[in-house]
Amino acid sequence: MSRGFSSWFLLLVALLVASVAATPTPSCRSVPSWFHGKSATAGAIQQLRGGGELHQPETLEEVEDLIQQAAMKGQLVVIDFTASWCGPCKMIAPLFQEMAETMGDDVVFLKVDVDENPDTAAKFS
């Protein structure tokens, strides 16, 4: 198995686990919205929690500032390194956006274009 494929697979599994963990109660049996359209659960969570934001920093300094702010608040940081030409990146983008909206109070989501921000991609590769 190539390293690139295994990295994408692990990221997808982590996103799936995080998406399922965002359900409001253990008895709720809704599936993630990416499985079949936007779920009512995701919308309800967003309304209750106020939603979050998908940050798209353009420089390494902006990324480092966001990471430092998140660390001071005790928040997890998830970075999606993407490219406009990347097919798998486009496929995961709606799920990543939804997760940012539903879990934005606990997790800081960053989307970094590797072509426009190569310094960040190099530092965190």
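Start by selecting His55, which sits in strand S1; strands here are DSSP runs of E with at least two residues, helices are runs of H or I with at least four, and both are numbered from the N terminus. His55 is partly exposed, with a relative accessible area of 21%. On that scale, buried means under 20% relative accessible area, exposed means over 50%, and partly exposed lies in between, using a 1.4 Å probe and protein chains only. Now show the contacts of His55, where contact means heavy atoms within 4.5 Å. Leaving aside neighbours within four places in sequence, His55 touches Leu66, Val108, Phe109, Leu110 and Lys111. Draw a C-alpha to C-alpha line from His55 to Leu66: the two are eleven residues apart in sequence and 8.7 Å apart in space.

Before the next stop, a word on what you are viewing. This is a predicted model, in which local features need pLDDT of at least 70 and side-chain atom pairs count only at pLDDT 80 or more, while totals for chains, interfaces and linings use all residues. Residues are numbered from 1 along each chain as its sequence is written, and side-chain values use heavy atoms, with hydrogens and water left out.

**The whole chain**

Zoom out and colour by secondary structure. You will find five helices and three strands, running α-α-β-α-β-α-β-α from the N terminus. Of the 125 residues in the chain, 34% are buried. Among contacts between residues at least 6 apart in sequence, 72% join residues at least 24 apart.

Next, colour by pLDDT, the predictor's confidence in each residue from 0 to 100. The chain averages 73, and 59% of its residues score at least 70.

**Helix H3**

Select residues 60-73, which form helix H3. Its 14 residues reach 20 Å from first C-alpha to last, close to the 20 Å expected at 1.5 Å a residue; the expected span is 1.5 Å times one less than the number of residues. Show side chains for Leu60, Val63, Leu66 and Ala70, the buried residues of H3. Look down the helix axis: these buried residues fall within an arc of 130°, so they line one face of the helix. The arc is taken from the directions from the helix axis to the C-beta atoms. An α-helix has 3.6 residues a turn, so residues three or four places apart point the same way.

What covers that buried side? The cover includes strands S1 (54-55), S2 (76-82) and S3 (107-113), along with helix H5 (118-123). Turn to the face away from the buried side to find the exposed residues Glu61 and Met72.

**Leaving H3**

Step along to Gly74, which follows H3 and has a positive phi, near 75°. Then select Gln75, in the loop between H3 and S2. Is Gln75 buried or exposed? Gln75 is buried, with a relative accessible area of 18%. Beyond its neighbours within four places in sequence, Gln75 is in contact with Ala70, Gly104, Asp105, Asp106 and Val108.

Continue to Thr82 in strand S2. Thr82 is buried too, with a relative accessible area of 10%. Setting aside neighbours within four places in sequence, Thr82 contacts Cys89, Lys111, Val112, Asp113 and Val114.

**The aromatic pair**

The structure holds one aromatic pair; rings of Phe, Tyr and Trp (its six-membered ring) pair if their centres lie within 6.5 Å, with planes under 30 degrees apart counted as stacked, over 60 as edge-to-face and the rest as tilted. Select Phe96 and Phe109: their ring centres are 5.2 Å apart and their planes stand at 85°, so the pair is edge-to-face. Phe96 lies in helix H4 (residues 87-103) and Phe109 in strand S3, so the pair ties together parts that are 13 residues apart in sequence. Both Phe96 and Phe109 are buried.

**Last stops**

Pick Glu116, in the loop between S3 and H5. Glu116 counts as exposed, at 63% relative accessibility. Glu116 and Thr59 are 57 residues apart in sequence, and 8.5 Å apart in space from C-alpha to C-alpha.

Finish at Ser125, in the segment after H5. Ser125 is exposed, with a relative accessible area of 80%.
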